[in-house]
Amino acid sequence: MSSSEIALICVCVVLAVVIFAWIGTFVRQKRKDKDKKVGDYVVIDGVRYTKDETVVNDDGEAKLSLKKGDIMLERGKEYKVGKDLLPGKYTVLTADENSESVSMRIGGLVKDYKHFTSVMLTEGDTISAVSGNVILR
């Protein structure tokens, strides 16, 4: 065998290894993305994207029971976005069915949020429930 034939065989072997590694990485990433689907949202690159924002059932009644993927914010406890919960869009649900709104501190500012209000949380924000427990969906 000449040296050019040996070089050609080596290049083909290296090319085959690179192609198999690329295919393996692609399959592993697809499996990883599939495992990140939880409940009604998907996590893509560390950000939470809601698929279904329905918080009312077919009869028009509020679905306040905790579902998989819901986050319960305890009154007075501070949570850090990026550490305790993922950045993204959440729907605020008051845990007390008699309350129409709840006060929450997001990024140092206290504001009154009505039931079913959407909030956008970004990386590094701090959030805490001031007046009562809150469910983030």
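Which residues form a nonpolar patch on the surface? In this predicted model, they are Leu 15, Ile 19, Phe 20, Trp 22, Ile 23, Phe 26 and Val 27, with about 770 Å² of accessible area together. Patch members have over 30% relative accessible area and no salt bridge; nonpolar side chains (Val, Leu, Ile, Met, Phe, Trp, Tyr) are joined within 5 Å, like charges within 9 Å. A salt bridge here is a side-chain nitrogen of Lys or Arg within 4 Å of a carboxyl oxygen of Asp or Glu. Areas come from the Shrake-Rupley method with a 1.4 Å probe, and for residues only the protein chains shown count as cover.

A word on conventions. Residues are numbered from 1 along each chain as its sequence is written. Local features need pLDDT of at least 70, side-chain atom pairs count only at pLDDT 80 or more, totals for chains, interfaces and linings use all residues, and side-chain values use heavy atoms, leaving out hydrogens and water.

Now the patch residues one by one. Phe 20 is in helix α1, residues 3-35 (helices are DSSP runs of H or I, at least four residues; strands are runs of E, at least two; both are numbered from the N terminus). Phe 20 counts as exposed because its relative accessibility is 62%, and Trp 22 is exposed at 60%. Phe 26, at 47%, is partly exposed (buried is under 20%, exposed over 50%, partly exposed in between).

The whole structure has one aromatic pair. That pair is Trp 22 with Phe 26, stacked, 6.3 Å centre to centre and 20 degrees between the planes. Ring centres must lie within 6.5 Å, using the six-membered ring for Trp; under 30 degrees is stacked, over 60 edge-to-face, the rest tilted. Both residues lie in α1, four apart, about one turn of the helix.

How values were computed:
Buried < 20%, exposed > 50% of the residue type's maximum accessible area, 1.4 Å probe, protein only.
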